[in-house]
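Please look over the sequence and structure below before reading the notes. They are grouped by topic.

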Amino acid sequence: MSKVAAFFHNKDVLNRVLFTLAIFFVFRIGSAITVPGVTVNESIWDNKYDAFSILNMMGGGALQNFSVLALGVSPYITSQIIVQLLSMDVLPALTQMTKEGETGRKKLDMVTRMLAVILAAIQAYGIIVALQNATGITIADKSAWGYTKIIIFMVAGSMMLNWMGDQITDKGIGNGISMMIFVGIISSLPAQIQNAFSNFLTDRVNTGDPSLILEGAVQIALYLISYVAIIIFVTFIEKSVRKLPVSHSNQSQSNDIETTKASFLPIKVNASSVMPVIFASSIMVAPSIIINLFSGGNEPDWAKKIEEVFNYQAMTKMGSVSFPWGTIIYAILIIVFAYFYSQLEINPERIAENFQNSGTYITGIKPGTETERYISKTLYRITFIGSLALTLVALLPLILTLSGAVPQSLALGGTGLIIVVGVALELNNQINGILAGNGYSESEL
């Protein structure tokens, strides 16, 4: 209660929260505005669980409405992935920008945004063609200019979302891009819970059979308990750290007596937080968009096979055997991006260098190269644990669906819950930091 009181008495935090809620309100309104000249057939989404469902989930149903915000922040995320990969000694110009401090960061951000516009246009056309072929949308003006106008609306909507995310980062609470994804997922959770009650309980109550009603009550109880269990597990992983014992040597100038103070270097088990799941989800969408972009609705058999393979929510038949290839690819991508992003978040070489310059060392480990190797080895090991935990939670809905334990439309949140819990914890940490910076004690927080 003291934290809630501190929250409302802190004008800075309150203004930031109100500003963020105002942005969310605009986002939800925009998600309901259909692109002019397009008629939507929402019935195709009743059983549509392919790569595009990821975009729809992250956008809070914006793609299902084919709204001006249908692309969400996916083009920007994809652009970030590409620029970060190319900056790792692939393109010398981009690598040099990473070494130029704040100036280089601004240049990289500009490159990322320019690439995002191009990717948004490509992605918009691919989605238009895909949904049109699936009779999900009907376009009134099928001329080149008609398609161009729709693409312009969608690209402008995506760029506006990026701008709104930037405003949240600067003037609101949390990381703007993550917060936009967060609110999109949160907005779809009530409908999913309602569907679960209808499927497990309401329909059986209408039958009047006591045994069916009891069975439904048990199922909905287990369903809700499972949700809570997943949230607790994700929270546990997000909060878990490996503490490396660190010693600080301070030499007194007056009597040349060296004193040592001990502390810890915390390394998170999941240093990359929700980013591997977001990155992997964005990559899984790419093949369907590219194929629809170049096929024009006349997909050859090999292209359809690729789409099936990257449909991570379905079994793919290869010859006479059905196998969840998409699920395996999705899992591998999460693990790869977990290692990739953890290296961006924690740089063992830089930490070892800073330790050596400040007279700090890991207890029992020599400064310099050995410290760097020890931190790298520890990071690799705990990232493996964190990436497996992320993968397990992300794939749990798919495992339950493919096993037939839960209907596909009711599969537990998985990817969505990882993002929601991760962003919520980061948000809580930021609010605690702001309150602490304004003079509130830890006991009040």
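Helices (H or I, at least four residues) and strands (E, at least two) are DSSP runs, numbered from the N terminus. The model is predicted: local features need pLDDT of at least 70, side-chain atom pairs count only at pLDDT 80 or more, and totals for chains, interfaces and linings use all residues. Residues are numbered from 1 along each chain as its sequence is written, and side-chain values use heavy atoms, with hydrogens and water left out.

**Overall**
- The protein has 15 helices and seven strands.
- Of its 445 residues, 46% count as buried, where buried means under 20% relative accessible area, exposed over 50% and partly exposed in between (1.4 Å probe, protein chains only).
- Among the contacts in the protein with a separation of 6 or more, 71% come from residues 24 or more positions apart; contact means heavy atoms within 4.5 Å.

**Phe66 and helix 4**
- Phe66 sits in the loop between helix 3 (51-58) and helix 4.
- The phi of Phe66 is near 45°, a positive value in a residue other than glycine.
- Phe66 counts as buried because its relative accessibility is 0%.
- Helix 4 (residues 74-86) has 13 residues and reaches 18 Å from first C-alpha to last, close to the 18 Å expected at 1.5 Å a residue; the expected span is 1.5 Å times one less than the number of residues.
- Buried residues in helix 4 are Ser74, Pro75, Tyr76, Ile77, Thr78, Ser79, Ile81 and Val83.

**Helix 6 against helix 7**
- The axes of helix 6 (residues 101-133) and helix 7 (residues 144-171) come within 9 Å and cross at roughly 130°; axes are lines fitted to C-alpha atoms, for helices over the stretch in contact, and angles run from 0 to 180 degrees between N-to-C directions.
- Helix 6 is therefore oblique to helix 7 (under 35 degrees is roughly parallel, over 145 roughly antiparallel, 65 to 115 roughly perpendicular and the rest oblique).
- On the helix 6 side, the residues making the contact include Arg113, Ala116, Ala120, Ala124 and Gln132; on the helix 7 side they include Tyr147, Ile151, Met154, Asn162 and Asp166.
- The residues of this contact divide into 13 nonpolar, two polar and two charged (Ala, Val, Leu, Ile, Met, Phe, Trp, Tyr, Cys and Pro count as nonpolar, Asp, Glu, Lys and Arg as charged, and the others, Gly among them, as polar).

**Ser342**
- Ser342 lies in helix 12 (residues 325-345).
- Ser342 counts as buried because its relative accessibility is 1%.
- Apart from neighbours within four places in sequence, Ser342 is in contact with Ala271, Ser272, Leu379 and Thr383.
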